[in-house]
Amino acid sequence: MTYSEAQNKASQKYKKANWKRVPFDVPNEFYDLIKQAAEQSGEKVNSYIKKAIEQRMEREGVAVGDTRPGE
């Protein structure tokens, strides 16, 4: 499915209003380990990292609830 220019613009506007980009750096070797673990789990690296963060937050008693990131 191709997006029209208007759909793309609306999507970008939504992301800007509702999402926060959180870049972080890791050594190449560590990234390779993350990627390998994600592939073994059948996930993309981004999804794998988000799930790992969510699981730690839950272990530490942070109520994640409806704030779970979508894909």
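This passage describes the overall form of a predicted model and the surroundings of its helix α3. Residues are numbered from 1 along each chain as its sequence is written. Local features of the predicted model require pLDDT of at least 70 and side-chain atom pairs pLDDT 80 or more, whereas totals for chains, interfaces and linings use all residues, and side-chain values rest on heavy atoms, without hydrogens and water.

The protein chain contains three helices and zero strands, these being DSSP runs (H or I, at least four residues, for helices; E, at least two, for strands). Of the 71 residues, 10% count as buried, that is, under 20% relative accessible area with a 1.4 Å probe, protein chains only.

Helix α3 comprises residues 45-59 and spans 21 Å from its first C-alpha to its last, close to the 21 Å expected (1.5 Å times one less than its number of residues). Its buried residues are Val45, Ser47 and Glu54, and their cover includes α2 (28-40), with contact meaning heavy atoms within 4.5 Å.

Just after α3, glycine 61 adopts a positive phi of about 85°. Valine 62 also lies in the segment after α3; this residue counts as partly exposed because its relative accessibility is 40%, between the 20% limit for buried and the 50% limit for exposed.
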